[in-house]
Amino acid sequence: MNLIHVFVVYLNMRRIPNFVLLRAFEAAARLESFTLAAQELSLTQSAISHQVRELEEFFSKKLFIRRNRRVEPTHEGRRLMENLSRVL
């Protein structure tokens, strides 16, 4: 493996979101609630909200439509959820 290949692999690895953010997203999408996701993961609702927002910033896409007491995955959020379901 040459240096250029190692560098490309390193750059690609840096583009993978943190697992903690993906876990928060997955729970919130499955339960359609930041509050229920927080309870499941023993976190606060605020922590889930911040983690989801960080993931949205990472992808530069909105992943949820925020409603009164629930959240609904956007088209991009559903696509991410489908791909995560295969991996997790």
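Residues are numbered from 1 along each chain as its sequence is written. In this predicted model, local features need pLDDT of at least 70, side-chain atom pairs count only at pLDDT 80 or more, and totals for chains, interfaces and linings use all residues, while side-chain values use heavy atoms, without hydrogens and water.

**Confidence.** Colour the chain by pLDDT, the predictor's confidence in each residue, from 0 to 100. The chain has a mean pLDDT of 87, and 84% of its residues reach 70 or more. Select residues 3-14, helix α1, where confidence is lowest, at a mean of 53; then select residues 34-41, helix α3, where confidence is highest, at 98. Helices here are DSSP runs (H or I, at least four residues), numbered from the N terminus. Where pLDDT is low, the predicted coordinates should not be read in detail.

**Helix packing.** Select helix α2 (residues 19-31) and helix α4 (residues 45-59), which pack at an angle of about 110° with axes 9 Å apart. Axes are lines fitted to C-alpha atoms over the stretch in contact, and angles run from 0 to 180 degrees between N-to-C directions.

**The largest pocket.** Finally, select Phe59, Lys61, Leu63, Glu76, Arg79, Leu80 and Asn83, which line the largest pocket. A pocket is an open set of points on a 1 Å grid where a 1.4 Å probe fits, with protein on both sides within 12 Å along at least five of seven lines; lining residues have an atom within 4 Å of a point. Helix α5 (residues 75-87) gives the largest share of this lining, 4 residues.

Definitions and conventions. Helices (H or I, at least four residues) and strands (E, at least two) are DSSP runs, numbered from the N terminus.
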